[in-house]
Amino acid sequence: MATHTVSEARRLTGPSAQALADLTAIFDDLQFVLGCCERLLRELAKAEHQDPVLVESLWAAALNAYARCFRSGDDRPELTVDDVTATGLEGDVIPWHESLGKLRNFLVAKAANPREVFSVGVSVSEQGRAEGIVVSSIPLPGVDENTVRQTGRMAYELGRLVDGRIQETQKALFAEVKDMPAARISRLDKLPVDFSPTAEPDD
């Protein structure tokens, strides 16, 4: 029985190939959200020893990546509110999804400081005279463990949905190209891919 060894890859640029690339990018963003949430949970578990810079950075990155999955335009496939419903998650998933968008805008898109509200006043002596200027602040609530867990759950279920679409699109794309003549394949641009065997981890 003849065996075929893969030696190179050629770039596909048709609509189905672009759709597969876009779906893969969305899946990668959802995996990134999951990774951010996992690290956030570990950091939030430290209680008083939390690193506030790390917490805000991870949360902002997670919200940005989540929002990208629903960005419309550029003729790219994107997730929709219907996809959120299709995850089968129980509860008010649509309001939750919308709240993540609002959190993202508050944390990333607005110019206001998302950590504290600052106020300026005048310090007054016992005689009622102005003594100087004071700046005070009121800390705003940060992200909590429950919010992170629910966000991670949403990303996980959406990732499962997108993975199914990736598999379907990949099969349909291969059906389009499997009988393509070798001469035509040879005219396609080369796609840099490492086909070397992956090293097995040591026991």
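How many helices and how many strands does the secondary structure of the protein chain come to? I counted six helices and four strands, where helices (H or I, at least four residues) and strands (E, at least two) are DSSP runs numbered from the N terminus.

**Entry 1: the model.** I note that this is a predicted model, in which local features need pLDDT of at least 70 and side-chain atom pairs count only at pLDDT 80 or more, while totals for chains, interfaces and linings use all residues. Residues are numbered from 1 along each chain as its sequence is written, and side-chain values use heavy atoms, with hydrogens and water left out.

**Entry 2: the chain.** I read the order of elements from the N terminus as β-α-α-α-α-β-β-α-α-β. I then looked up burial, where buried means under 20% relative accessible area, exposed over 50%, and partly exposed in between (1.4 Å probe, protein chains only). Of the 203 residues in the protein chain, 27% are buried. For contacts (heavy atoms within 4.5 Å), I took those with a separation of 6 or more: residues 24 or more positions apart account for 68% of them.

**Entry 3: the core.** I next looked up the largest nonpolar core, which has 39 residues. Such a core is a set of buried Ala, Val, Leu, Ile, Met, Phe, Trp, Tyr and Cys residues joined through side-chain atoms within 4.5 Å. The residues with the most contacts inside this core are Leu-30, Trp-59, Tyr-66, Leu-79, Met-154 and Val-162. Two or more residues are given to it by each of α1 (15-44), α2 (52-68), α4 (93-109) and α5 (145-177). The largest share, eleven residues, comes from α1.

**Entry 4: α1 against α2.** Two packed helices are described by the angle between their axes and the distance between the axes. I found that the axes of α1 and α2 come within 9 Å and cross at roughly 155 degrees. That makes α1 roughly antiparallel to α2, because angles over 145 degrees count as roughly antiparallel, under 35 as roughly parallel, 65 to 115 as roughly perpendicular and the rest as oblique. Axes here are lines fitted to C-alpha atoms, for helices over the stretch in contact, and angles run from 0 to 180 degrees between N-to-C directions. Among the residues of α1 that meet α2 I list Phe-32, Val-33 and Cys-36; among those on the α2 side are Trp-59, Ala-61 and Tyr-66.

**Entry 5: single residues.** Is Ala-61 buried or partly exposed? Ala-61 lies in helix α2 and counts as partly exposed at 24% relative accessibility. Not counting residues up to four places away in sequence, Ala-61 touches Phe-32 and Cys-36. Ala-61 and Arg-104 are 43 residues apart in sequence, and I found them 9.2 Å apart in space, C-alpha to C-alpha.

I placed Val-143 in the loop between β3 (130-139) and α5. Val-143 counts as buried, at 18% relative accessibility. With residues up to four places away in sequence left out, Val-143 touches Leu-44, Val-55, Trp-59 and Val-148.

Last, I looked up Glu-157 in helix α5. Glu-157 counts as buried, at 8% relative accessibility. Again not counting residues up to four places away in sequence, Glu-157 touches Thr-87 and Leu-89.
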